[in-house]
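Welcome to this short tour of a protein chain.

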Amino acid sequence: MRNEYIPYTAIIESIQNESFDTKTFRVVFEDEELAASFDYKPGQFAQLSLLGIGEAPISITSSPCSRGYLEFTIRAVGRLTRAIHQLKPADKIYVRGPYGNSFPFEEVKGKNLYSIAGGIGLPPLRSLINSVFDRRDEFGRIKILYGAKTPDELCFKQELKTWRRIPDTEVLLTVDTPDENWKENVGVVTTLWDKTDMASSDGVAYVCGPPIMIRFVIIELIKSGFEDENIYVTLERYMKCGIGKCGHCNIGPKFVCIDGPVFSYSQLKELPEKETAMAI
Ligand SMILES: Cc1cc2nc3c(=O)[nH]c(=O)nc-3n(C[C@H](O)[C@H](O)[C@H](O)COP(=O)(O)OP(=O)(O)OC[C@H]3O[C@@H](n4cnc5c(N)ncnc54)[C@H](O)[C@@H]3O)c2cc1C
Ligand code: FES
C-alpha cells in the first residue's frame, strides 16, 4: 500500500495573478495516469509542499469537471506560501490528497444556492460554484455575495464577469475601501443584504471567509429564514498530517481535517464556541 505521507509530484503549468499577495496556480501531475484519474469534490483540500520548506493545507479551487489539472489560489502569508509565490511555470510542487469532506452538492439539487465569501474565502467556493454551473439546469436561483478589503483583493475578476452572464444568477460585490473606478457596493459583506432579496426558508448557504465575517453572515442568514442545517461554513485550523492522525486540528471532539473543513451551522453549535468564533 502507498505511504499516505508521500506526496505526488506536480508541475506548475500556469500562474495567474489575482492581487498583490494572491496567485492562482494550475498544476498537472507528472504521472499522466494519476492526472487523468485524480478525483475530488468541491470543498476538499490538498496538502501542498516544497522540499525543505514545509507543507500546508490549500483548498482545491478548480472544478472536478475540469479534468487533467488542479488549481490552487494561494495568499502569500508565511514561509511556504511565500516560497510557492516565487515559483515559475515548469517548476515542481508536491501534492497529497484530496482530503477532508466536501460541500453538499448532489443533495441540494433543485434548491436555491447562496455562496457568501470574504477575501480568500472565494477559492474553495469557486470549485462548488463552477460545478453547479456545469450542471446549471439542475439547481434553482444562484446568488454569489463576495466582499474584499479593496477592489484589487477580489479574486477571479474575469470569472466574476462570466458568472454574471449566467441565467438566473446574481453576483453582488462589495469592498471596504473603494478606488476611483469602483461602481459597486461599499461596506462589509452583510451590507449586501440591503441590495438583494435574501429571504429564504429552504435555500442552502455556503459561507467562507474570516471567522468574524462568518459570524455576522450567519446572524443575517438566520434572520433571513435559513435553517441551521442549510448553512455550511468552512473552518481553518493549523494542520500537520491532514488525515486524522496527529491531533493538531481538533476542535472539541472533531478533527477539521477529516470531519471538516465543511461544517453545517447545526454541527458548529455543538463545538466549543471559543474555538469556532461562533459565539452569537
Ligand atoms: C482546510 C484549509 C484550506 C485552506 N485553503 C487555503 C487556500 O486555498 N489558500 C490559502 O492561501 N490558504 C489556505 N489555507 C491557509 C493556509 O493553509 C495557511 O495560511 C498556512 O499556514 C500557510 O502556510 P505558510 O507556511 O505559508 O505560513 P505559516 O508560516 O504557517 O504562517 C501563516 C500565518 O499564520 C501565522 N502563524 C504561523 N504559525 C502560527 C501559530 N502557531 N499560531 C498562530 N499564528 C501562526 C503566521 O505569522 C502567518 O501570519 C487553508 C487552511 C485550511 C485549514
Ligand atoms: S491535521 Fe493531523 S489530525 Fe488533523
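## Reading the model

Helices (H or I, at least four residues) and strands (E, at least two) are DSSP runs, numbered from the N terminus. This is a predicted model, in which local features need pLDDT of at least 70, side-chain atom pairs count only at pLDDT 80 or more, and totals for chains, interfaces and linings use all residues. Residues are numbered from 1 along each chain as its sequence is written, chains are lettered from A and ligands numbered from 1 in the order in which they are written, and side-chain values use heavy atoms, with hydrogens and water left out.

## The whole chain

Let us begin with the overall picture. The chain holds seven helices and 15 strands. Its radius of gyration is 18 Å, close to the 19 Å that the globule rule gives for 280 residues, so the chain is as compact as a globular protein of that length. Here the radius is taken over C-alpha atoms, and the globule rule is 2.2 Å times the number of residues to the power 0.38. Along its principal axes, the C-alpha trace spans about 50 × 45 × 35 Å.

How much of the chain is buried? Buried residues make up 53% of the 280 residues; buried means under 20% relative accessible area, exposed over 50%, and partly exposed in between (1.4 Å probe, protein chains only). The accessible surface comes to about 13200 Å², and 50% of it belongs to carbon and sulfur atoms. Such areas come from the Shrake-Rupley method with a 1.4 Å probe, and for residues only the protein chains shown count as cover. Among contacts (heavy atoms within 4.5 Å) between residues at least 6 apart in sequence, 68% join residues at least 24 apart.

## One side of helix H4

Now find helix H4, which runs over residues 157–164, and where Glu-159, Leu-160 and Trp-163 are buried. They cover an arc of only 105 degrees around the axis, which puts them on the same side of H4. The arc is that of the directions from the helix axis to the C-beta atoms. As a rule, an α-helix has 3.6 residues a turn, so residues three or four places apart point the same way.

What do the buried residues of H4 pack against? Their partners are helix H3 (122–134), strand E8 (142–148) and strand E9 (169–175).

Most residues other than glycine have a negative phi, and most peptide bonds are trans. Phe-156, in the loop between E8 and H4, has a positive phi of about 55 degrees although it is not a glycine. Asp-168, in the loop between H4 and E9, also has a positive phi, near 55 degrees. Are these residues buried or exposed? Phe-156 counts as buried at 4% relative accessibility, whereas Asp-168 counts as exposed at 53%.

Cis peptide bonds can be found too. One joins Gly-97 and Pro-98, with omega about 0 degrees, and Pro-98 lies in strand E6 (residues 92–99). Another runs from Gly-260 to Pro-261, with omega near 15 degrees; Pro-261 sits in the loop between strand E14 (254–255) and strand E15 (262–264).

Leu-125 lies in helix H3 and is buried, with a relative accessible area of 0%. Leaving aside neighbours within four places in sequence, Leu-125 is in contact with Phe-103, Ser-115, Ile-116, Ala-117, Tyr-206 and Cys-208. Ile-60 is 65 residues away from Leu-125 along the chain, and their C-alpha atoms are separated by 9.4 Å.

Ile-12 belongs to strand E1 (residues 8–19) and is buried as well, at 2% relative accessible area. Beyond its neighbours within four places in sequence, Ile-12 has contacts that include Phe-25, Val-27, Leu-87 and Ile-93. His-248, in the loop between strand E12 (231–234) and strand E13 (250–251), is partly exposed at 44% relative accessibility. Apart from neighbours within four places in sequence, His-248 is in contact with Tyr-238, Met-239 and Lys-240. From His-248 to Tyr-238 is ten residues in sequence and 6.6 Å in space, C-alpha to C-alpha.
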